Amino acid sequence: MKLTFIGLPILAILIFNVRLANGHGIAGDRYFPPTITVDDPFAAYEVHMGGGRTPNIGVNNSNANAGNVMMLGGGIEPIDGFGIAIDSLYRTPNANLTPEASGVDNLYYTVKKELIINDKHEFAITLGVNGQIGGTGGSGTANSTSYGPTIFYAKGFGDLPNSMRLLKPMAVTGILGYQIFTDQAQPTALNWGFTLQYSFLYLNEHVQPTGWGAPWNRLVAMVEFPLQTCMSSICNGQVTGSVNPGIVWVGQNFNLSAEAVFPLNNQSGRGTGILFQLHKHFGR
């Protein structure tokens with residue numbers, strides 16, 4: 001029997017093996033909230049769950065038609081600045097299964113080490129590896145494992161001059177990585193997703209009072225761009241991905257996110273979608 005449910009005990013370890021850690025996603029006065037499809041550069045003890053309907057959920061997804069998706073994942077930070085995360089996705093229907101059926105993808109993993117967190121200029125750089133673990137999904141998933149050396153980054157613009165103060169709440173996060181499969185028949189790809197963010201929380205607390213009450217003063221508006229460029233001859237140069245506008249509501253050690261999903265082109269899937277996520281991090 002394939003290791004269809006191997007993710008359940010791993011996720012249990014991630015959820016319950018918890019200690020208090022430094023606040024997740026902070027560089028100086030800037031809080032970078034975790035988003036749904038593009039990973040951030042911060043290691044943390046965290047769990048998240050979500051779902052929705054979408055033709056494209058991040059990179060390395062072969063779904064063509066819109067379908068339902070449920071997500072569960074978590075991460076640990078056993079050494080300060082070093083993180084390990086596991087994510088599980090259930091799709092119905094799931095075009096990653098052969099033959100196509102409803103079921104679980106191979107587990108997604110991320111290992112990352114923070115290199116720089118600069119408080120003065122609100123930026124962070126992290127190196128890591130991410131991909132899928134072959135043979136850990138439902139019946140019909142590929143046995144091939146993928147690994148992608150990746151740079152994760154984040155930059156806030158709070159260091160802009162006061163003459164540009166209304167731009168200070170802006171921030172970008174993103175990844176740049178090269179995805180390779182152990183099965184050489186699978187195409188290699190350049191992953192280069194990013195997000196654009198505007199934090200009304202930052203505006204209210206560090207630029208000028210908005211006078212807004214809850215929940216509006218806790219919002220971060222964002223657009224995610226989970227993008228991938230094929231680097232193999234079979235599809236060389238083809239760009240796939242989506243444009244995902246949405247919002248994040250920042251609570252006390254947890255976030256609520258919602259975003260629409262618009263495929264970038266015909267190769268990225270058909271139909272539009274919407275995603276939701278509840279993210280909880282354990283820290284001070």
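**A walk from the surface patch to the disulfide**

Leu115, Ile116, Leu127, Ile151, Leu176 and Trp192 make a nonpolar surface patch of about 500 Å². A patch here takes residues with over 30% relative accessible area and no salt bridge, joining like charges within 9 Å and nonpolar side chains (Val, Leu, Ile, Met, Phe, Trp, Tyr) within 5 Å. The areas come from the Shrake-Rupley method with a 1.4 Å probe, and for residues only the protein chains shown count as cover. Please keep in mind that this is a predicted model, in which local features need pLDDT of at least 70 and side-chain atom pairs count only at pLDDT 80 or more, while totals for chains, interfaces and linings use all residues. Residues are numbered from 1 along each chain as its sequence is written, and side-chain values use heavy atoms, with hydrogens and water left out.

Strands (E, at least two residues) and helices (H or I, at least four) are DSSP runs, numbered from the N terminus.

What forms a salt bridge with lysine 112? The partner is aspartate 39, and the closest N and O atoms are 3.1 Å apart. For a salt bridge, a side-chain nitrogen of Lys or Arg must be within 4 Å of a carboxyl oxygen of Asp or Glu; by this rule the count comes to five. Lysine 112 is buried, with a relative accessible area of 6%, whereas aspartate 39 is partly exposed at 30%. The cut-offs are under 20% relative accessible area for buried, over 50% for exposed, and in between for partly exposed (1.4 Å probe, protein chains only).

Arginine 30 and glutamate 122 form another of the salt bridges, at 3.1 Å from N to O. This pair links distant parts of the chain, 92 residues apart: arginine 30 belongs to strand β2 (residues 30-31), and glutamate 122 to the loop between β7 (107-118) and β8 (123-133). Both arginine 30 and glutamate 122 are buried. Lysine 155 and aspartate 159 also pair in this way, with their closest N and O atoms 3.3 Å apart. Here lysine 155 is partly exposed at 22% relative accessibility, and aspartate 159 is partly exposed at 34%.

Now for the strands around β3. Nine bridges join β3 to strand β4 (residues 67-79), and the two run antiparallel. Eight bridges join β3 to strand β17 (residues 273-281), again antiparallel. DSSP must find at least two bridges between two strands for them to pair. Arginine 53 has a bridge partner in each neighbour: asparagine 68 in β4 and isoleucine 274 in β17.

Strand β4 is also the place of glutamate 77, which counts as buried at 5% relative accessibility. A polar atom of the glutamate 77 side chain lies 2.7 Å from the backbone nitrogen of glycine 81.

The last stop is the structure's one disulfide. A disulfide is a covalent bond between the sulfur atoms of two cysteines; the cut-off used for the sulfur pair is within 2.5 Å. Cysteine 230 and cysteine 235 form it, with sulfur atoms 1.9 Å apart. The torsion about their S-S bond is about 70°, so the disulfide is right-handed. Cysteine 230 is buried at 8% relative accessible area, and cysteine 235 counts as buried at 18%.

Terms used. A polar contact is a pair of N or O atoms within 3.5 Å; within protein, one must be able to donate a hydrogen and the other to accept it, and residues adjacent in sequence count only if both atoms are side-chain atoms.
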